[in-house]
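Subject: Structure for you, with notes on the ligand site

Hello,

Here is the structure we talked about. My notes follow below.

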Amino acid sequence: MNNENQTLIFEITKPGRIGYNLEPLDVPNFDLEELIPSNLVRQEAAELPEVSELDIMRHYTALSRRNHGVDSGFYPLGSCTMKYNPKINETVARFSGFANIHPLQDESTVQGAMELLYDLQTSLQEITGMDEVTLQPAAGAHGEWTALMMIRAFHEANGEGHRNKVIVPDSAHGTNPASATVAGFETITIKSGEDGLVDLEDLRRVVGPDTAALMLTNPNTLGLFEENIIEMANIVHGVGGKVYYDGANLNAVMSKARPGDMGFDCVHLNLHKTFTGPHGGGGPGSGPVGVKADLIPFLPKPVLVKKEDGTYHFDYNRPQSIGRVKPYYGNFGINVRAYTYIRTMGPDGLKAVTEYAVLNANYMMRRLEEHYDLPYNRHCKHEFVLSGRRQKKLGVRTLDIAKRLLDFGYHPPTVYFPLNVEEGIMIEPTETESKETLDAFCDAMIQIAQETIDNSALVQEAPHTTVVNRLDETRAARTPVLRYKKQEQVTVS
Amino acid sequence: MKHRYLPMTEQDKQEMLDRVGVATIDELFADIPEKVRFQGNYNIKPAKSEAALMKELLQLAGKNKDTASNVSFLGAGVYNHYKPVIVDHVISRSEFYTAYTPYQPEISQGELQAIFEFQTMIAELTGMDIANSSMYDGGTALAEAGMLAAGHTRRKKLLVSGAVHPEYKDVVTMYAYGQSIDVVTIPTKDGVTDVEALKGLIDEQTAGVIVQYPNFFGQIENLQPLADITHEAKGLFIVSANPLALGVLTPPGKLGADITVGDAQPFGISEAFGGPHCGYFAVTTKLMRKVPGRLVGETVDQDGRRGYVLTLQAREQHIRRDKATSNICSNQALLALASSVAMTALGKQGMQEMAKQNIVKTRYAKNAFEAAGFEVVYKGAHFNEIVVNTKHNVTQLNKALIEKGIIGGFDLGRVYPELENHALIAVTEIRTKEEIDALVAEMGAYNE
Ligand SMILES: Cc1ncc(COP(=O)(O)O)c(C=O)c1O
């Protein structure tokens, strides 16, 4: 363990050192003042590092060793589907014919890329049971907003622009209500019932002529399948609203149930979850949106189509389209990875993925239920949520349990989410983990439960083995330091 | 079934089923109503072996004409630049790329510090006080900047220069529609934002003025007068800037920008058919608490060691839900890392040298076109793009050029009817004199 401050790249800078190699200029040189008005010529160079190539590699290697990824160890972060990121995906995305093509090239020169996207689009249509898919949104939240804008355009086209309410269960991810706001809607929150499912009575109470849509995650963020889904869809459709599927949890139902068959009108997927786009330390993602026929006219422009002669084309002639949600055509590199994954798994593989994702979660839930409270005791899907309220009575918070897990080399589960579980611990193992890994993690959780009884300080003061221990978040927020400043600059100011 | 990504053996499965207390996995799906249960298998292509799939996809990639084996003069927001080889080595370290958002700072110090360094470098380049950890891309970053301005000023109109990237402007317009904000285009004159027109359009309903630097036509806008007019009307001045150009141009932060956004794609990020790239978002301190997305801040641990955490989270969707400053959750962290590595490799000196090479080589191209009898329209200072009257339909011309291994410039006629037969030609530091001469010669020799 390292007790020193990890150096910032700016702190190992030495004037005159370089880490780049540009071709010498082969055309006549000019002074910038000859080409640019003098007030627009930068006077003080940006304070960027001055380091050698080895300095850079050592720096980032040191940083990488202070970071935990799926390849480092188990990462059961609920709602995030931290499954193995296949290496073939990385290789394929770096093929020059995919990595080095420009989005505005003539279509005839990028037919291979368009073919891949088209095949991905149609595969996702089949997987979701939707009539058409757009690959443009950059992430889940972006897909939510895209779909809500389409719903808005749909209502407006029907002379029902007054529909301004979007219904969101209290267990929903924070992006759902946030996306509703960005799309210009007002959010109505409905409660979950005793059984962790949407309370149908509450839903009936809030729907009405002003309902634009219901946003639903199924299975919900408790990992429970909304059994009344058909009735819920009927209730919302009955008042003229649309039903939206947050597909972040698709890993739980692939080949078992399709949003399009469950009565949903549109869906977004997180290709960086179910379809193995690596999370990248927080991104990039890709958030395709699938829709039923009556929403197709409103899809964002351009729409990728296959022409009769077998060539692919970006169609801009979409008079009812909501417009453009992103420059160019989405996060292509992530779409390539997702496509490679789907082709690697095939239909049987994707079914097995879901089956093991669900079996693994149920197995862990049953191993842990004696040791932690399980507020909703029924078969879960791909994830489940424990409550640390029993431990809280002993003075140990869920946050402490999460920190103690770090000492065992695990990334902790998602904690304090969903909001309708007190001291929530949300565990999503995924299908790519072995039984040995699941058992070892459960053993650690059980040991920690015992520690909260025998030696609660050990848990309360965790972690004990990480490069830093608990960080002062209050200080970070109260006196924000969001960038490095050269020492002498600090003393001057 | 056996699969290399699925480790459970039949014995594991049996033991687990026993523990769960069910006889088959199917029982775990009994809560899905019979009526909507999917029967059978997806009708998608069957699985392929690793080697066969690699071969197939390599062939598919081979159908594309790439910018590595052809000579590209296509820019319009996405550029073919020198990419230090180490970038890929760093972002291929799976401790970075297989991690998620650094929610647990004790085991995410690497990512957090890398973002802190990214925020610092972007703030340095733009001359702004602070920068966030990334946005999806330059276009959505610009749209969010517009939304911030509307929220901050409680006004409902955005003025967008006609010299802003047309696809960025489309995205701004879409976000604005969601928020019932009007978007009005400021006309251009000689390829730059028309100052007199701005004066006529701006009023007490104007939340912000949006310009691009260098603008879509490659021209370097004179920002200060535009900023002054905006501030007189108490709007926010928003600049969409190519961060590479800021290696040699006066940063927007010194010319009155309240918000500077853009895309860090020029720094070590592949063109990749338009994404993933890396939006950045930088502001003055006074707007710090209105910034969308994640921010990393410095702090100390219980033993006084320096460390980094996600901070000021009370702006974000997971805390504020429908009251959040934005809905963004996943961002472009890995691309921010890539661009940090490239910015670090270029460093203080290389950033200036590379930016300057873009200007000088573009000037060479301009002279070469003019010498060959082409009109290069717009006479202002340029960065790495110029507008050339090709005298022919540009899309048709480009079809001829690709036969010679050249990817031609963007067909401006696709967007601006008045610029039919005009190409936006990008010349970056990696284009050689020989390649530029060849482009001019091929375009000169072209006959429909
Ligand atoms: C249930 C759910 N919905 C939506 C999202 C938002 O997805 P993204 O982070 O890609 O914007 C997430 C991701 O964390 C999620 O778990």
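UniProt positions are given in the numbering used here, feature names are shortened, and annotations may be inferred rather than shown by experiment. An unreviewed UniProt entry places "domain: Glycine cleavage system P-protein N-terminal" at residues 33-308 of chain A. That span is 32% helix and 13% strand, and its end C-alpha atoms lie 55 Å apart. Helices (H or I, at least four residues) and strands (E, at least two) are DSSP runs, numbered from the N terminus.

This is a predicted model: local features need pLDDT of at least 70, side-chain atom pairs need 80 or more, and totals for chains, interfaces and linings use all residues. Residues are numbered from 1 along each chain as its sequence is written, chains are lettered from A and ligands numbered from 1 in the order written, and side-chain values use heavy atoms, without hydrogens or water.

Now the ligand. It lies between chains A and B.

Polar contacts are pairs of N or O atoms within 3.5 Å. A backbone N or O atom of A:Gly140 lies 2.7 Å from a ligand oxygen. The side chain of A:His272 places an N or O atom 2.7 Å from a ligand oxygen. For the side chain of A:Asn270, the distance to a ligand oxygen is 3.3 Å. The protein buries 99% of the 390 Å² that the ligand exposes when taken alone (Shrake-Rupley method, 1.4 Å probe).

Best wishes

Key:
Near = heavy atom within 4 Å. Polar contact = N/O pair within 3.5 Å; in protein donor to acceptor, adjacent residues only side chain to side chain.
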